[in-house]
Amino acid sequence: MTAPFSQSVEISLKVNGERVRRTVDVRRHLIDFLRLDLGLTGSHAGCEQGVCGACTVRVDGAIVRGCLTLAVQVEGAAVQTVE
């Protein structure tokens, strides 16, 4: 069931060297996109406040916290996970 005012958009990015194109809710966090939509479970949602680092991934070479980053923010980027 979706929220009454949810909005989805299509994003395209590279994940671990593979081109990925998916439709995602604009409020979906990057960590949830990676784990739930792509099945990449190496990164984890720990504290969900960006403190513990369990959700850390690289986006265009920069280290980011997946629990604080929305999937739509990485449109066109190269994401690298621990896998």
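**Entry 1: ground rules.** I am working with a predicted model, in which local features need pLDDT of at least 70 and side-chain atom pairs count only at pLDDT 80 or more, while totals for chains, interfaces and linings use all residues. I number residues from 1 along each chain as its sequence is written, and side-chain values use heavy atoms, with hydrogens and water left out.

**Entry 2: Ser6.** I found Ser6 in the segment before strand S1, which covers 8–15; helices (H or I, at least four residues) and strands (E, at least two) are DSSP runs, numbered from the N terminus. I noted Ser6 as partly exposed because its relative accessibility is 26%, where buried means under 20% relative accessible area, exposed over 50%, and partly exposed in between (1.4 Å probe, protein chains only). Which residues does Ser6 contact, leaving aside its neighbours within four places in sequence? I listed Asp25 and Arg27, with contact meaning heavy atoms within 4.5 Å. Ser6 and Asp25 are 19 residues apart in sequence, and their C-alpha atoms are 6.7 Å apart in space.

**Entry 3: salt bridges.** Side chains of opposite charge can pair when their charged atoms come close. I searched the whole structure and found three salt bridges, each a side-chain nitrogen of Lys or Arg within 4 Å of a carboxyl oxygen of Asp or Glu.

- Arg21 and Glu10 meet through their side chains at 2.8 Å, N to O. This pair links distant parts of the chain, since Arg21 is in strand S2 (residues 18–25) and Glu10 in strand S1, 11 residues apart. I recorded Arg21 as exposed at 53% relative accessibility, and Glu10 as partly exposed at 46%.
- Asp25 and Arg27, the two contacts of Ser6 that I listed above, form a salt bridge with each other at 3.3 Å, N to O. Asp25 is partly exposed at 21% relative accessibility, and Arg27 is partly exposed at 47%.
- Arg28 pairs with Asp37, the closest N and O atoms being 3.1 Å apart. Arg28 is partly exposed, with a relative accessible area of 24%, and Asp37 is partly exposed at 31% relative accessibility.

**Entry 4: Ser43.** I then turned to Ser43, which lies in the loop between helix H1 (30–37) and strand S3 (56–59). Is Ser43 buried or exposed? I wrote down buried, because its relative accessibility is 3%. Not counting residues up to four places away in sequence, Ser43 touches several residues, including Ile31, Arg35, Cys55, Val57 and Thr81.
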